[in-house]
Amino acid sequence: MPADAERPCRLRYDENAMTRVQIAVPPRPYEANIESGVLERAGAEIRKVARDRSRIFVVTVPPVRKRWGKNLQASLAAAGFEAKILEMPDGERYKRLASVEALAEKLVALRAERNCVVIAFGGGVVGDSAGLLASLYMRGVDLVQIPTTFLAQVDASIGGKTGVNLRAGKNLVGTFHQPLAVLIDPAVLSTLPEREFRAGLYESLKCGVIGNPKLFEMLEQCSVKSLRADAAKLEWVIAESVKLKADVVSKDEREGGLRRVLNFGHTIGHALEAATQYRRYLHGEAVAWGMIAAARIAAGKGRLAGETAQRIEQAVLRLGPLPRVDARGAQIVRLLQGDKKTRDGVVHFVLPSEIGRVEIVGDVSERDVIDAMQALCRISAANYPRVQRK
């Protein structure tokens with residue numbers, strides 16, 4: 001067990017609302033700019049960090065290009081950039097090395113050079129894939145993240161992780177490649193389907209559990225509908241989530257210790273995604289089930305009060321319907337052995353000890369996992385008898 005296992009992890013950061021959040025990673029810190037309408041000024045913002053560049057390659061998916069592509073292109077052109085659009089297929093199942101290779105071939109055909117800038121313009125799949133592309137093409141070119149889903153805005157675009165999936169598991173091939181900047185425009189979420197909006201909220205709820213009780217309490221009490229209707233509150237939720245992740249990443253860029261707390265809900269969540277061939281769950285939905293499982297495991301091992309585990313479970317469930325869980329516990333146990341969080345054959349879990357505090361532990365048994373999966377199946381059958389696709 002590593003020295004930091006079972007160490008309490010309490011996060012502290014400036015709680016004052018702010019539009020620009022610094023991610024202080026050496027040797028080149030960068031900022032996340034969170035502001036409604038920033039997409040219209042993307043060119044000017046990118047010009048600040050890419051002063052002498054002219055060529056930009058925007059990686060996106062057809063739905064995002066159709067709705068927001070012209071806005072971005074106009075902004076880039078106004079700032080003097082020559083921008084080309086590269087499309088990749090939409091969906092988690094396309095987050096594979098083959099997609100990155102296809103994008104790299106397009107860059108070669110377009111004569112992209114080392115001084116170009118790649119923009120990841122889309123959700124987490126685009127951000128992870130374009131980020132990996134930027135880290136590998138000509139041994140590394142600059143990257144800007146412009147996330148267009150709630151999940152990508154509060155999680156995937158921050159921290160420099162890139163990666164693609166293998167059949168054996170999620171994000172098993174990847175790099176750390178920090179962007180020049182992250183531009184987060186809450187206004188683009190107005191066209192996001194409600195299911196994808198909720199998927200991002202689960203990641204914000206995760207941030208509340210691991211280190212921001214105020215954020216948890218707000219999400220525990222509000223409805224999805226009210227949050228979508230309140231631009232100021234939505235921007236606050238995004239900013240608080242980004243600040244927490246920025247604080248963690250600034251202290252531990254490459255997941256050597258503290259950054260592992262961000263995996264709360266992801267251990268079983270990733271296994272659920274793999275068990276269903278990445279076709280049933282949006283990533284945030286799998287994490288939602290993973291958080292309930294982790295809370296149940298923590299309560300069962302006496303690490304978390306039962307009533308607090310219930311608060312976490314109810315906070316997840318009240319945000320809206322989730323796709324069903326019917327995976328067998330033994331299957332999830334097998335998939336966990338291939339998870340990135342496995343060290344020396346031991347699967348490490350992030351378990352809550354109270355709202356705002358978690359522990360990294362290595363004493364979760366196969367029986368604990370199987371019991372948690374049986375609980376998820378019961379909860380799923382009682383609340384969501386069918387897969388929700390709205």
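Which helices do the buried residues of α7 pack against? They pack against α6, α8 (224-229), α9 (231-251) and α12 (306-318), where contact means heavy atoms within 4.5 Å. The buried residues of helix α7 (residues 213-221) are Leu-215, Phe-216, Met-218, Leu-219 and Glu-220. Here, buried stands for under 20% relative accessible area, exposed for over 50%, and partly exposed for what falls in between (1.4 Å probe, protein chains only). Helices (H or I, at least four residues) and strands (E, at least two) are DSSP runs, numbered from the N terminus.

A word on the model itself: it is predicted, so local features need pLDDT of at least 70 and side-chain atom pairs count only at pLDDT 80 or more, while totals for chains, interfaces and linings use all residues. Residues are numbered from 1 along each chain as its sequence is written, and side-chain values use heavy atoms, with hydrogens and water left out.

Next come the rings. A search of the whole structure turns up one aromatic pair. For rings of Phe, Tyr and Trp (its six-membered ring), a pair needs centres within 6.5 Å; planes under 30 degrees apart are called stacked, over 60 edge-to-face, and the rest tilted. The pair links distant parts of the chain, as Phe-150 belongs to helix α5 (residues 150-156) and Phe-197 to helix α6 (residues 194-211), 47 residues apart. Phe-150 counts as buried at 0% relative accessibility, and Phe-197 is buried too, with a relative accessible area of 1%.

Arg-47 lies over the face of Phe-81, at 3.8 Å from the ring centre, and the charged end of Arg-67 sits over the ring of Trp-68, 4.1 Å from its centre. The test is that NZ of Lys or CZ of Arg is within 6 Å of the ring centre and within 35 degrees of the ring normal.

Another phenylalanine, Phe-264, lies in the loop between α9 and α10 (266-275) and counts as buried, at 0% relative accessibility. Leaving aside neighbours within four places in sequence, Phe-264 is in contact with Lys-206, Val-209, Ile-210, Val-287, Met-291, Ala-294, Val-350 and Pro-352. Phe-264 and Ile-210 are 54 residues apart in sequence, yet 7.5 Å apart in space, C-alpha to C-alpha.

Lys-206 also has a charged partner. Lys-206 forms a salt bridge with Asp-155, with the closest N and O atoms 3.7 Å apart. This pair joins helix α6, which holds Lys-206, to helix α5, which holds Asp-155, 51 residues apart. Both Lys-206 and Asp-155 are buried. A salt bridge is a side-chain nitrogen of Lys or Arg within 4 Å of a carboxyl oxygen of Asp or Glu, and the whole structure has 29 of them.

Arg-303 takes part in salt bridges with two partners, Glu-359 and Asp-363. For Glu-359, the closest N and O atoms are 3.1 Å apart, and both Arg-303 and Glu-359 are buried. For Asp-363, the N to O distance is 3.0 Å. Arg-303 lies in the loop between α11 and α12 and Asp-363 in the loop between β14 and α14 (366-383), so the pair ties together parts that are 60 residues apart in sequence. Asp-363 counts as partly exposed, at 32% relative accessibility. Elsewhere, Glu-92, Lys-95, Asp-128, Lys-170 and Glu-273 are linked in a network of salt bridges.
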